[in-house]
Amino acid sequence: MFKYRIIFVIFSIVTLCDSVYARRQDSKINESIMWFDSLNVRFIGNWPFGSAYAIACDEVRGFVFLGSGGGVYILDVSAPANPLKFSEAIHTRGFIRNIFYEYSSQRLYIADGVTGLEIWDIADLSNPVKIGYYDTSGDAQCVCVSGTYAYIADGFAGLRIIDVSVPSNPQEVGYYD
């Protein structure tokens, strides 16, 4: 009997791990039908906020972007002793690990865990617009942008280099495992 319990526990752990780390196979899939949506259930929304793990600053406009769970709080910190929530309009599909803000283009690049990289236009802070995304092969942990390239620390998948010159259609151009 003990032997069967051990087998059941191992089978349960393997099954759970396979479902957690399952990746989509088709790279040309519509964003509204993500690889983790089932055939009978669609993602329609969530409470995106949780613990804060990522931050970026817009020093010119006096705002801070605070990644919290699956969303970004935009905080007005022009009066540092009294930060005020300006917006919570940015909601992502994954868990925000890191944010990079590029002032020249007023874009927010989000390392979004298992869902990869998201690119948001935040020129109008009261109406941020998601303009692109790239589903990396790993678990996007950190992002840094230089010129037209986003460098993604992608967990077990190593470094991913994404060309973001066309932010609505980012493309991987290189990697280092």
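Of the 177 residues in the protein chain, 37% are buried, where buried stands for under 20% relative accessible area, exposed for over 50%, and partly exposed for the range in between (1.4 Å probe, protein chains only). The model is a predicted one, in which local features need pLDDT of at least 70 and side-chain atom pairs count only at pLDDT 80 or more, while totals for chains, interfaces and linings use all residues. Residues are numbered from 1 along each chain as its sequence is written, and side-chain values use heavy atoms, with hydrogens and water left out.

Along the sequence the pattern reads α-β-β-β-β-β-β-β-β-β-β-β-β. The accessible surface of the protein chain amounts to about 10,400 Å², and 60% of this belongs to carbon and sulfur atoms; such areas come from the Shrake-Rupley method with a 1.4 Å probe, and for residues only the protein chains shown count as cover. Among contacts (heavy atoms within 4.5 Å) between residues at least 6 apart in sequence, 36% join residues at least 24 apart.

An open sheet of four strands, with antiparallel pairing, has the order S5-S6-S7-S8, two strands being paired if DSSP finds at least two bridges between them. Its edge strands, each pairing on one side only, are S5 (98–102) and S8 (129–134), and neighbouring strands of this sheet are turned by 20° against each other on average, direction ignored; axes are lines fitted to C-alpha atoms, for helices over the stretch in contact, and angles run from 0 to 180 degrees between N-to-C directions. Strand S7 (residues 117–121) is joined to S8 by five bridges, the two running antiparallel, and Ile-119 has Gly-132 in S8 as its bridge partner.

Another open sheet of four strands, again with antiparallel pairing, has the order S9-S10-S11-S12. Here the edge strands are S9 (142–146) and S12 (171–176), each of which pairs on one side only, and the twist from one strand to the next averages 25°. Five bridges pair strand S11 (residues 159–163) with S12 in the antiparallel sense, and the bridge partner of Arg-160 in S12 is Tyr-175.

Thr-92 is placed in the loop between strand S4 (84–91) and S5, and Thr-92 counts as buried because its relative accessibility is 3%. The side chain of Thr-92 reaches the backbone oxygen of Gly-94 at 3.0 Å, and a polar contact of 3.1 Å joins the side chains of Thr-92 and Asp-112; a polar contact is a pair of N or O atoms within 3.5 Å, and within protein one must be able to donate a hydrogen and the other to accept it, with residues adjacent in sequence counted only if both atoms are side-chain atoms. Not counting residues up to four places away in sequence, Thr-92 touches Gly-70, Gly-71, Ile-110, Asp-112, Glu-118 and Trp-120.

Rings of Phe, Tyr and Trp (its six-membered ring) pair if their centres lie within 6.5 Å, planes under 30 degrees apart counting as stacked, over 60 as edge-to-face and the rest as tilted; by this rule there are five aromatic pairs. The rings of Tyr-53 and Phe-95 have centres 5.5 Å apart and planes at 55°, so this pair is tilted.
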